[in-house]
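Thank you for coming, everyone. Please take a moment to look at the sequence and the structure, and then I will walk through them slowly.

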Amino acid sequence: MAKDSSFDVVSQVDMQEMDNAVNQVKKEIDQRYDFRGSNASIELGEKEVKIAAEDEYKLGAILDMLRQKMAKRGIPLRCLVPGKIEPAAKGTVRQSLEIQQGISKENGKKIVAAIKDSKLKVTAQIQDDQVRVAGAKKDDLQAVIQLLKAGDFGVDLQFINMR
């Protein structure tokens, strides 16, 4: 009997690249004319990015700069979940952007349902924050990858550990 092949469907963010993107935005804030003398800032935390500025316009500009740097570095833009804009001290505003990693249970169920609806001879199971897909034929696994790339599950998907 041939051994089953498998791969994992995950949603991950390279935090080193995210750190580089945030540092590039910090440099750009220091250099841009429209941010001279303002107390605009951006910080990368463990699972979030915090931005602060004098008004909502500058907050939006910082967010646009961050998205541009992320796109250039190949970081999925969907991983940022913007929080609500809050007033801060001295008339400034701040916003917290959650970095979404892993596949939620709901999205995992949607992915498994899409794979089962395809009628391919593969099995899919949810394991913590990823989905493992296994099958006897590698062609079926390739078909599942194409199916998932075509679908929209609300998160950016990567396919790893192909065996």
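Predicted model: local features only at pLDDT ≥ 70, side-chain atom pairs only at ≥ 80, totals over all residues.

Let me begin with a question: of the contacts in the chain with a separation of 6 or more, what percentage is accounted for by residues 24 or more positions apart? The answer is 59%, where contact means heavy atoms within 4.5 Å.

Residues are numbered from 1 along each chain as its sequence is written, and side-chain values use heavy atoms, with hydrogens and water left out.

Now to the overall layout. The chain has four helices and nine strands, and read from the N terminus their order is β-α-β-β-α-β-β-β-α-β-β-α-β; helices (H or I, at least four residues) and strands (E, at least two) are DSSP runs, numbered from the N terminus. The radius of gyration is 20 Å, well over the 15 Å that the globule rule gives for 163 residues, so the chain is more spread out than a compact globule. Here the radius is taken over C-alpha atoms, and the rule is 2.2 Å times the number of residues to the power 0.38. Along the principal axes, the C-alpha atoms fill a box of roughly 70 × 25 × 25 Å.

As for burial, 37% of the 163 residues count as buried, and by that I mean under 20% relative accessible area, with exposed being over 50% and partly exposed in between (1.4 Å probe, protein chains only). The accessible surface of the chain comes to about 10,000 Å², and 47% of that belongs to carbon and sulfur atoms; such areas come from the Shrake-Rupley method with a 1.4 Å probe, and for residues only the protein chains shown count as cover.

Let us turn to the interior. A nonpolar core is a set of buried Ala, Val, Leu, Ile, Met, Phe, Trp, Tyr and Cys residues joined through side-chain atoms within 4.5 Å. The largest one here has 25 residues, and those touching the most other members are I42, I62 and L66. Two or more residues come from each of α1 (15-31), β3 (48-53), α2 (56-72) and β6 (93-99), and α2 gives the largest share, seven residues. If we set aside neighbours within four places in sequence, L66 is in contact with A21, V22, V25, I42, V49, L80 and L97. Apart from this core lies another, of 17 residues, including I111, V144, I145 and V155.

Staying with helix α2, we also find K69 there, and at 15% relative accessibility K69 counts as buried. Beyond four places in sequence, K69 is in contact with A21, Q24, V25 and E28.

Which residues does S41 contact, leaving aside its neighbours within four places in sequence? They are K50, I51, A52 and I62. S41 sits in strand β2 (residues 41-44) and is partly exposed, with a relative accessible area of 30%.

Next, please find V155, in the loop between α4 (138-150) and β9 (158-160). Outside its sequence neighbours within four places, V155 is in contact with S11, R78, Q100 and N107.

M162 is partly exposed, with a relative accessible area of 37%.

Finally, I would like to point out two backbone angles. K119 is not a glycine, and yet it has a positive phi of about 65°; K119 is placed in the loop between α3 (105-117) and β7 (122-127) and is exposed, with a relative accessible area of 73%. D128, likewise a residue other than glycine, has a positive phi near 50°, and D128 lies in the loop between β7 and β8 (130-135), where at 68% relative accessibility it counts as exposed.
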